[in-house]
Each structure stands twice: as C-alpha cells, then as structure tokens.
Amino acid sequence: MDVMKKNDELMMIEGMGQIEMQECVNIIVGANNYANELRREIEMETSMKIEAFATYRDYKTIEWFEDLKVDVFENLTSIYPQKKINVIVAIGYSQKNKIREKVFFDCKQYGYNIIRYISPRANVYTTRLGEGTIVRAGAHVGVNVILGDGCIVNCAAVLTHDIKAGKFNFFGARSCFGGGSDIGDYCFFGLNSTIKNRLHIADFTLIGAGANVIRDTESNGTYVGNPARVLENHSEH
Ligand SMILES: CC(C)(COP(=O)(O)OP(=O)(O)OC[C@H]1O[C@@H](n2cnc3c(N)ncnc32)[C@H](O)[C@@H]1OP(=O)(O)O)[C@@H](O)C(=O)NCCC(=O)NCCS
C-alpha cells in the first residue's frame, strides 16, 4: 500500500513537468539571456513549444530576441484571442526578487496562467512547490521540502530534506542546504553557497557566491566568506 502511494506521488511529480497543450500558447516573460536560456532548456527537455517572449510595453526595445518574437506583456490576450495563455516567469533576482514578484501578480491580474516548471532532469521528491516555481536541471529538492510561490531553484542546487522556504527565493546554481533549514521570503543564495542544517535565514537575506553560512541570518543582511560574515554597508543592486 505504501509503495503504491509512493508511486502515485512520483507520478504526480513527473506530471508537473508536463504542460497542458490544448488551445494554449506558452510565453516566457522576460527577453534577455536568462529568459532565453530557460526557453532553450524547456524546449530541449520537453515537447513544449514556446511561442514568444514578452516584456512590459514600456521596456520593450526589440521586436525579436534571437529567433523568437517579443510580445507586449499587457497585450497577450489580444495577440492570442481565444487561447489560454501559459506564462513562465523567467525573471531573475534583481531588486531582491521584487521584480519577479511584481510580474507574478501582474500575470494574475491579466488572467495569465502561471506555469510551475519542473525540469524532467531535476530530482524532486515533494509536491509542495508554490505556483510559478521553477526547478532547473540537476537540482535536488528532497523529501518534506516546501517552497512558496515564485521560487527559482537553479541548476544543481541541493535542498536536502525537511526545508521550509517562503516565497520568491532564488537558489543559485550549486547552492546547498542542510536539512531543517527555515528560510524566509525574497532571499538570494549565490553560486556554490552552503547553508548548514537547521538555520533560520531571515527575509531578504543575500548570500554571496561560495559563502559558508553557519549561523542564523538577519533580515536584509548580505553575507560572504567562510565562515560567512556580514558585508557591512552593502547596498542593494
Ligand atoms: C556578495 C555580492 C552580492 C557582493 O557584491 P558587491 O556589492 O558588488 O561587492 P564587491 O564586489 O564590491 O565586494 C565588496 C567586498 O566583499 C568581498 N566579496 C564580495 N563577494 C564576495 C564573495 N562572494 N565571497 C567573499 N568575499 C566577497 C570583496 O572581496 C570585497 O572585499 P574588500 O572590500 O575587502 O575588497 C557578490 O560578490 C556575490 O557574491 N554575488 C553572487 C553572484 C552569484 O552567485 N550569482 C549567481 C547567479 S545564478
């Protein structure tokens, strides 16, 4: 019985990587290298076809990015009448993930369907991933991990087990988290950072590349080094 339950759960997890193909268009919100990288990966990993990039009208400076057209974000419903508009919010961590949050809520306001994209090349052992979460190839998201809305788990990040993280966090490539971590909202974890088990990471924490975090963090703090120390007077990027 238990084994069957496990299999069911795994099937559900695999299903997350599949996108409803009927009468819908798939749009990547963002039109830069990060968005394009994600788009290429999705098209290589799945049968999903991306129709276009989209950016806000006021920020649209190009008609095409690589070989894909760039639509006006606000106009997607009129550009694709009668279609369900699936969007992948491919916005990085600028302004401490606040831009991604804004786009997320604008998508809701326009009635776009925000996709949760789980790479079929990631190992994901939880179903408790928030709306719009992106988990990229090689990442490990273990048992009893809970992620809030709009999180990005980049390539080869390791969220071992029993981790609770809030909304709009960005887990950089190869960042690694011990079990029992309790992570707030809007945090950024740089490349190859290590977060010891059972720590509390406060909202808006910024962890620099390669940092080794061994103590709880304070809200809005920037931490670098081994052991990680606060980077004083660090201004927001
Ligand atoms: C922490 C970080 C945000 C600081 O950026 P910054 O404000 O431009 O800082 P600076 O480059 O001016 O460096 C300020 C000081 O911190 C040190 N420092 C910066 N980043 C560091 C890091 N990751 N580890 C150790 N020391 C670091 C610098 O050597 C410098 O020290 P000094 O004043 O003694 O010379 C940035 O260096 C960083 O690590 N970003 C993460 C990049 C990343 O992982 N990207 C992944 C995208 S997927």
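Student: Which residue is the bridge partner of Asn86 in β6?

Tutor: Asn113 is the bridge partner of Asn86 there. Keep in mind that this is a predicted model, where local features need pLDDT of at least 70, side-chain atom pairs count only at pLDDT 80 or more, and totals for chains, interfaces and linings use all residues. Residues are numbered from 1 along each chain as its sequence is written.

Student: In which sense do β5 and β6 pair?

Tutor: Parallel, over two bridges. Two strands pair if DSSP finds at least two bridges between them. Strands are DSSP runs of E with at least two residues, helices are runs of H or I with at least four, and both are numbered from the N terminus.

Student: And how many bridges join β1 and β5?

Tutor: Six, and that pairing is parallel too. Cys24 stands opposite Lys84 in β5.

Student: Is β5 enclosed or open to the outside?

Tutor: Largely enclosed by the rest of the structure, because five of its six residues are buried. Buried means that 20 or more other C-beta atoms lie within 10 Å of the residue's own; exposed means 12 or fewer, partly exposed is in between, and C-beta atoms are placed from the backbone. Of the 237 residues of the protein, 38% count as buried.

Student: What's the strand order in the six-stranded sheet?

Tutor: β3-β4-β2-β1-β5-β6, an open sheet with mixed pairing. β3 (64-65) and β6 (113-114) each have a single partner strand, so one side of each is left without a neighbour in the sheet. Further in, β2 (residues 52-55) and β4 (residues 68-72) run parallel, joined by three bridges, and Phe53 stands opposite Val70 in β4.

Student: Which strands does helix α2 touch?

Tutor: Helix α2 (residues 33-45) touches β1 (24-29), β2, β3 and β5 (84-89), and its direction makes about 140 degrees with that of β1. Contact means C-beta atoms, placed from the backbone, within 7 Å. Axes are lines fitted to C-alpha atoms, for helices over the stretch in contact, with angles from 0 to 180 degrees between N-to-C directions. Helix α4 (residues 98-110) lies across β1, β5 and β6, at about 170 degrees to β5.

Student: Switching topic: what's the order in the eight-stranded sheet?

Tutor: β7-β9-β12-β15-β18-β21-β23-β24, open again and with mixed pairing. The edges are β7 (117-118) and β24 (229-230), each pairing on one side only. β7 pairs with β9 (residues 134-135) in the parallel sense over two bridges, and Tyr117 stands opposite Ile134 in β9.

Student: Where does Gly142 lie?

Tutor: In the loop between β10 (140-141) and β11 (146-147). Gly142 is partly exposed, with 17 other C-beta atoms within 10 Å. Not counting residues up to four places away in sequence, Gly142 touches Tyr125, Leu159, Thr160 and His161.

Student: Last one: what pLDDT does the protein average?

Tutor: 92, with 90% of the residues scoring at least 70; pLDDT is the predictor's confidence in each residue, from 0 to 100. Over residues 1-15 the pLDDT is below 50, and that stretch has four contacts in the model beyond near neighbours in sequence.

Methods:
Contact = placed C-beta atoms within 7 Å.
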